[in-house]
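Dear colleague,

I am handing over the structure we spoke about, with the sequence alongside it.

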Amino acid sequence: MNSLIRNTARCLRSGAAVYMPRQADGRVWTSSARFLCAAADVQKALGDIVQKDKVVVFMKGTPAQPMCGFSNAVVQILRMHGVDDYASYNVLEDSEFREGVKAFSNWPTIPQVYFSGEFVGGCDILLQMHQNGDLVEELKKLGISSSLLEAEKESK
Amino acid sequence: MLPSVLRCVRPVSTSLSLSRPLAHFRPHMDPDPSRPVERSIRTKLTDQLTPDHLEVHNESHMHAVPPGSESHFRVLVVSSQFEGLPLIKRHRMVNEALKEELSSCVHALAIQAKTPEQWGSNPSLAKSPPCLGGSRGDHTVEEKLKAGRE
């Protein structure tokens, strides 16, 4: 927490807007967080970020080019369930944003997955949810029909 | 932008099969005195979670970090303290026990947290996905490696 206090004291820019470009290749978009400065701004921005989309992933790299095996596993699992419409944020772009993400969820590692503003867990949890069928159920609660469920129906 | 993605070379001798049904018959792995982080992880998880079964695997060699690093770990904890708790709470308990390591030298921690019953019906260690080289050139990882060496 000390580093958060140092960051807040160091940065005198307040009210900095969050710059979030939209990628050309579709709905999945990443954030450029370099305009986030004060730690409090990061926490506030994160509060908005996780509420804004049903499925939010903080990861290393992008869904098109993950930079970490665990982040890639999250991307692949979502892809397997046909979840294309989610917001992803590349924590490698900004170290203050990265630290802010961990502080916000009180979770020490990346990737991190949120469903409807609620922290779900990291790669391990998502994988286990995928394996035990819970992920299909949780997606249903979000109004997302997993393509694995549809595939299963078709095979019957 | 970060340098192009390189796949890590994983030595064949340390490849894990997807499930190891006889894992629970393995002799208890003695902590290596030359690996202080592994020892610390083992001690803290034992003290705080009183596991029936515990495995601590240093997977740093599978990632883009120098040989001998203690930065990437996989832990399997079987404890009755997890009874009735959702996965997220179980993982938070493990994170809490290891918060010092996670804030200093440990960069990645893969967790399996099972009750004794769950372990009995499926005694298998999960396998980590292949590294995509993200630790290379990541200054946060470099800082953690430095913290581990000091």
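This is a predicted model: local features need pLDDT of at least 70, side-chain atom pairs count only at pLDDT 80 or more; totals for chains, interfaces and linings use all residues.

Chain A holds an open sheet of four strands in the order E2-E1-E3-E4, and its pairing is mixed. The edge positions of this sheet are taken by E2 (87–90) and E4 of chain A, each of which has a single partner strand, so one side of each is left without a neighbour in the sheet. Ignoring direction, neighbouring strands are turned against each other by 25 degrees on average.

Strand E3 (residues 112–115) and strand E4 (residues 118–121) of chain A run antiparallel and are joined by three bridges. Val113(A) stands opposite Gly121(A), while Tyr114(A) has Phe119(A) as its bridge partner in E4(A). The two strands form a hairpin with two residues between them, and Ser116(A), which is found in the loop between E3 and E4 of chain A, has a phi near 45 degrees, a positive value in a residue other than glycine.

Pro111(A) is placed in the loop between H4 and E3 of chain A.

The sheet of chain B

Chain B has an open sheet of three strands, ordered E1-E2-E3, again with mixed pairing. Here E1 (53–58) and E3 (108–114) of chain B stand at the edges with a single partner strand each, so one side of each is left without a neighbour in the sheet. From one strand to the next, the twist averages 10 degrees. Strand E2 of chain B, residues 72–78, pairs with E3(B) in the parallel sense over seven bridges, and within this pairing Val75(B) stands opposite Ile111(B).

The interface between the chains

How much area do chain A and chain B bury between them, and what part of it is on carbon and sulfur atoms? The buried area is about 2,100 Å², with 62% of it on carbon and sulfur atoms. On the side of chain A, Met67(A), Phe70(A) and Asp124(A) lose the most area to chain B, and together they account for 27% of what that side buries. Counted by contacts, 23 residues of chain A are in contact with 25 residues of chain B.

As for specific interactions, the count between the two chains is one salt bridge, in which the side chains of Arg98(A) and Asp138(B) meet at 3.0 Å, N to O. Seven residue pairs are found in polar contact across the interface, with both residues at pLDDT 80 or more. The elements that give two or more residues to the side of chain A that touches chain B are helix H3 (69–80), helix H4 (95–105), E4 and helix H5 (123–132) of chain A. Of that side, H3(A) provides the largest share, four residues. Sorted by class, the side of chain A that touches chain B has eleven nonpolar, nine polar and three charged residues.

With best regards

Definitions and conventions: Residues are numbered from 1 along each chain as its sequence is written. Chains are lettered from A and ligands numbered from 1 in the order in which they are written. Side-chain values use heavy atoms; hydrogens and water are left out. Two strands pair if DSSP finds at least two bridges between them. Contact means heavy atoms within 4.5 Å. Buried area is the accessible area (1.4 Å probe) that two parts lose on being put together, summed over both. A salt bridge is a side-chain nitrogen of Lys or Arg within 4 Å of a carboxyl oxygen of Asp or Glu. A polar contact is a pair of N or O atoms within 3.5 Å; within protein, one must be able to donate a hydrogen and the other to accept it, and residues adjacent in sequence count only if both atoms are side-chain atoms. Ala, Val, Leu, Ile, Met, Phe, Trp, Tyr, Cys and Pro count as nonpolar, Asp, Glu, Lys and Arg as charged, and the others, Gly among them, as polar. Axes are lines fitted to C-alpha atoms, for helices over the stretch in contact, and angles run from 0 to 180 degrees between N-to-C directions.
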